[in-house]
Amino acid sequence: MSVTTRGSAPTSLTSVSLGRKVKDRLVQVLVYLAFALAVIPLVSVLWMVIKNGLGRFDADFFAFSQNGIGPRDAGGGAYHAIIGTLEQVLMTSVMAVPIGILTAVYLVEYGQDRRLARTISFFVDVMTGVPSIVAGLFILAFWLLLLGFSYSGFAGALALAILMLPTVVRSAEEMLKLVPNELREAAFALGVPRWRTICFVVLPTAFSGIVSGVMLAVARVMGETAPLLLLVFVTNSINMNPFSGPQMALPLFIWDQAGQPNDTAIARAWTAALTLILIIMALNLTARLIARMRRPTAR
């Protein structure tokens, strides 16, 4: 079968279809190639961390701190750093997640074409590009030097909250925008107030995406080192109180041990890096499980 046009030779539909198939297959090959090129560095980094981190991945590493352990001494562990990381990230999430979600709700549900919403959106974009060291210097100048507080895990959490907040706002905002307007209109048609519509219709619908965005923000701040060096400091002992005194964290532990000129300390640094990756993966899996359990179902 062919198609004939004035002033041109017959064109076969089969050849046109074949050309499209060739182009489609070529684009697929390019996409797969780009994906492979992007995955190769990730796989190589994971393999290197796992290979070098399994050497000290034992019970002592998770049960003891570095108190009384010299740089060249065998043994010791990162128990104090694990506790510090979990406490600092928990405080950061408690501060940043509610504020971020409420800000996103205002921008999507109440702030259409309002000057305040445009101003908030502008400053969120600015905060997204703020380097971590700048956030640490701001808290150092305000919290430690001006107000006179000492080094603590809470001071580090304040800086991490500044870094976490814009990621939570943007991710929650995009998820709320994906909620169909028909759901809101149906609730309004039934006489449901806007705040109840947001709490019982909009937020449950976007819950899965919001949780994923929150975990992305948590993963980002959990690996930050520069603010913690300025605000939390380094210690080899266990400090369960995040509001008083220096407190170790896994990024600080990796930085401290990797700077020691011996294989024993470097092995501890690799194991701490592996532990940090596993904690982030465990938190992500837990969040996905919770999001799947809370996913709204059709009745």
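At roughly what angle do the axes of helix 6 and helix 9 cross? The axes of helix 6 (residues 153-177) and helix 9 (residues 207-222) cross at roughly 160 degrees and come within 8 Å.

The model is predicted, with local features needing pLDDT of at least 70 and side-chain atom pairs counting only at pLDDT 80 or more, while totals for chains, interfaces and linings use all residues. Residues are numbered from 1 along each chain as its sequence is written, and side-chain values use heavy atoms, leaving out hydrogens and water.

**The chain as a whole**

The protein chain contains 12 helices and 2 strands; these are DSSP runs numbered from the N terminus, helices being H or I of at least four residues and strands E of at least two. Starting at the N terminus, the order of elements is β-β-α-α-α-α-α-α-α-α-α-α-α-α. The C-alpha trace spans about 90 × 55 × 40 Å along its principal axes. The radius of gyration of the protein chain is 26 Å, whereas a compact globule of 299 residues would have one near 19 Å; this radius is taken over C-alpha atoms, and the globule rule is 2.2 Å times the number of residues to the power 0.38. Of the 299 residues, 37% count as buried, meaning under 20% relative accessible area with a 1.4 Å probe, protein chains only.

**Two helix pairs**

Two packed helices are described by the angle between their axes and the distance between the axes. Axes are lines fitted to C-alpha atoms, for helices over the stretch in contact, and angles run from 0 to 180 degrees between N-to-C directions.

| Helix pair | Crossing angle | Axis distance |
|---|---|---|
| Helix 6 and helix 9 | roughly 160 degrees | within 8 Å |
| Helix 11 and helix 12 | about 160 degrees | 8 Å |

Helix 6 and helix 9 are therefore roughly antiparallel, a term for angles over 145 degrees. Their crossing is right-handed, that is, the near helix is turned clockwise from the far one by less than a right angle. Contact means heavy atoms within 4.5 Å. Residues making this contact include L160, L163 and M164 of helix 6 and G209, I210 and G213 of helix 9. By class, the contact has 12 nonpolar, 4 polar and 1 charged residues. Ala, Val, Leu, Ile, Met, Phe, Trp, Tyr, Cys and Pro count as nonpolar, Asp, Glu, Lys and Arg as charged, and the others, Gly among them, as polar.

Helix 11 (residues 250-258) and helix 12 (residues 263-293) are likewise roughly antiparallel to each other. The crossing of helix 11 and helix 12 is left-handed. Among the residues that meet are L250 and F253 in helix 11 and A265 and I266 in helix 12.

Definitions and conventions:
Angles under 35 degrees count as roughly parallel, over 145 as roughly antiparallel, 65 to 115 as roughly perpendicular and the rest as oblique. Buried means under 20% relative accessible area, exposed over 50%, partly exposed in between (1.4 Å probe, protein chains only).
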